[in-house]
Amino acid sequence: MTNYLCLLAAAVAFAGAAATGTGAAHYTQAPGSGSLTFSFTQAGAENRGSFREFATDLTYDANNPAAGSLKVTVQVASLDTRDKDRDDTLAGADLFDVKKYPTATYVANAFAKTADGRLEAIGKLTLRGVTRDLRIPLNLRVAGSGYELSGEVTVKRLDYGVGQGDWQATDMAGNEVKLQYKVPLARSN
Amino acid sequence: MSVRNTTRSWGSLSKALHWIIVLLIINQWVIGMRADSLPLGLAKLQALAWHKSFGITILALAVVRLAWRWMNPVPDLSAETRPWERVLAKISHLLLYALIFALPLTGWLMSSAKNYPVSWFGLVQLPDLVAPGEALFQQMRGLHHKLFAALVAVAGLHIAGALKHHFIDRNDVLKRMLPFGGVK
């Protein structure tokens, strides 16, 4: 009887897996690997920085890309522009407010192909407590047991409230921020 | 007054370059002190943006000035100028030329080391000269300030020399560099 129940449970689990796409596999980023950089116009010049700590989880089936999912969690306080004054200012209440909003997340539960055949995640970015729809390009290149995920997307910082008070002005610190990511993802199951 | 220099007087381009650079340097001192005194914020970024833009302008004008000096005669010092005065004038002019190159270049190095790239009036972004590094930034900052102190000292000597020529020796050396003065 016990064996029969186990078998039944396994069968149900299998059927469930089949319904969501049997070929889907899970991929994760090794801690400390990958890069997530941002660039923005500061006083007329392109300035660059990066987030040192972030985690990426991808579920993907090359035969059924639409069923993929992606979750990225960024430790906002890990931002680094190679200048402590600027990092502290960015972390402060008027900009990222990392004390109140320590993480930013991107969650997508569906992928889609664009008209020209490129893969995009259809998800939501939560930054500084504001959640907005955001599609991001997913360039997946087979690498080792998994993929290298790369792409870039431009977001408007003021859409997420990154810039209160004086920082709502965009002449010294532009509204558009380009995010570039390149993350090795290894198969985890 | 001709555009070109003669052996007796400076031409209009040499005079314009001399006085525009003087005004820009005074302006740089005012903006630089202001930028230095402000906490990081929009006002400081604005002041730094102006300081960098004018600094690069001075560097470009210094290049034009040096090229123009090579392409033109340099007016003679008056015949009665003593040898030690000639040597002192030569050294101070050499230093002033070196400083109008060295100050913008160390400023540019500061920007690169701090990872705050230089934009010229928001129109052109200049390449970074070095990779970012806090230690290098602090070195360049110290050097930039020392070079400015040197500029003030040498410019003081330069002004003292010009005034001596004018009021004590009563020759044309100062007059021939004045914007609308000069000698035939």
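What does the cover over the buried residues of α1(B) include? It includes α2 (42-71) of chain B. This is a predicted model, where local features need pLDDT of at least 70, side-chain atom pairs count only at pLDDT 80 or more, and totals for chains, interfaces and linings use all residues. Residues are numbered from 1 along each chain as its sequence is written, and chains are lettered from A.

The buried residues in α1(B) include B:Gln28, B:Ile31 and B:Gly32 (buried means 20 or more other C-beta atoms within 10 Å of the residue's own, with C-beta atoms placed from the backbone). Helices here are DSSP runs of H or I with at least four residues, and strands are E runs of at least two.

Now for a helix pair: α3 (residues 83-113) and α4 (residues 134-168) of chain B pack at about 155 degrees, with axes 9 Å apart. That makes α3(B) roughly antiparallel to α4(B) (an angle over 145 degrees).

Then there's the contact between the chains: 15 residues from chain A and 16 residues from chain B (contact means C-beta atoms, placed from the backbone, within 7 Å). On the chain A side, β3 (45-51) and α2 (84-91) give two or more residues.

Here's the make-up by class; Ala, Val, Leu, Ile, Met, Phe, Trp, Tyr, Cys and Pro are nonpolar, Asp, Glu, Lys and Arg charged, and the others, Gly among them, polar.

| Contact of α3(B) with α4(B) | 20 residues | six residues | one residue |

Definitions and conventions: Two residues are in contact if their C-beta atoms, placed from the backbone, lie within 7 Å. A residue is buried if 20 or more other C-beta atoms lie within 10 Å of its own, exposed if 12 or fewer, and partly exposed in between; C-beta atoms are placed from the backbone. Axes are lines fitted to C-alpha atoms, for helices over the stretch in contact, and angles run from 0 to 180 degrees between N-to-C directions. Angles under 35 degrees count as roughly parallel, over 145 as roughly antiparallel, 65 to 115 as roughly perpendicular and the rest as oblique.
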